[in-house]
Amino acid sequence: MDDCLFCKINKGEIPAKKVYDGDEVFAIEDINPQAPTHLLIIPKKHHATLLDLTKEDHAMIGSIPTIANDLARERGLDQSGYRLVVNCGAGAGQSVFHIHFHLLGGRPLQWPPG
Ligand code: 5GP
Ligand code: ZN
């Protein structure tokens, strides 16, 4: 998608601090972190929201929790705990319409979120 922020970051057209780069998924540091660790794990294929996924995406999406585990372990969050969350739709707080998983940790996290 030509006008999509995360597609542009994936293509290197907009800078970001990349912390993981795989065949189908990459991860960056969030520009406005809400916790000491706040990463975005992003499929390279453009889908606006989780609702756009199909069966073709099962393997790629299924890889994300283990990618998150690796990133969390590198930061010691396997000991303190971390949260992996997706906002699906504007009503749930989604502001960038290219699927991304937030990985948050490094401070106590409250539940339920606001
Ligand atoms: P959402 O609100 O869609 O669930 O999350 C979008 C996230 O993208 C927000 O946490 C926001 O801080 C982050 N974000 C927005 N613009 C940029 C950017 O240009 N670079 C990076 N690294 N993160 C961004
Ligand atoms: Zn996109």
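**View 1. Two cysteines, Cys-4 and Cys-7, are both buried.** Buried here means under 20% relative accessible area with a 1.4 Å probe, counting protein chains only. This is a predicted model, so local features need pLDDT of at least 70 and side-chain atom pairs count only at pLDDT 80 or more. Residues are numbered from 1 along each chain as its sequence is written, and ligands are numbered from 1 in the order in which they are written.

**View 2. Four residues hold the zinc ion (ligand 2): Cys-4 (SG), Cys-7 (SG), His-46 (ND1) and His-98 (ND1), at 2.0 to 2.3 Å.** Donors are N, O and S atoms within 2.8 Å of the metal (3.2 Å for Na, K and Ca). Along the chain, their spacing reads C-x2-C-x38-H-x51-H. The 4 donor atoms subtend angles of 104 to 117 degrees, so the arrangement is tetrahedral (four donors, all angles between 85 and 135 degrees).

**View 3. Ligand 1 has 17 residues around it, and Glu-29, Asp-30, Asn-87, Ser-95 and His-102 are the closest.** A residue counts as near if one of its heavy atoms lies within 4 Å.

**View 4. Oxygen atoms of ligand 1 pair up with polar side-chain atoms: one of Asn-87 at 2.9 Å and one of His-100 at 2.9 Å.** A polar backbone atom of Gly-93 is also 2.9 Å from an oxygen atom of ligand 1.

Key:
Side-chain values use heavy atoms; hydrogens and water are left out. Four donors count as tetrahedral if all angles lie between 85 and 135 degrees; four count as square planar and six as octahedral if opposite donors are over 155 degrees apart and all others between 65 and 115; anything else is irregular. Buried means under 20% relative accessible area, exposed over 50%, partly exposed in between (1.4 Å probe, protein chains only). A polar contact is a pair of N or O atoms within 3.5 Å; within protein, one must be able to donate a hydrogen and the other to accept it, and residues adjacent in sequence count only if both atoms are side-chain atoms.
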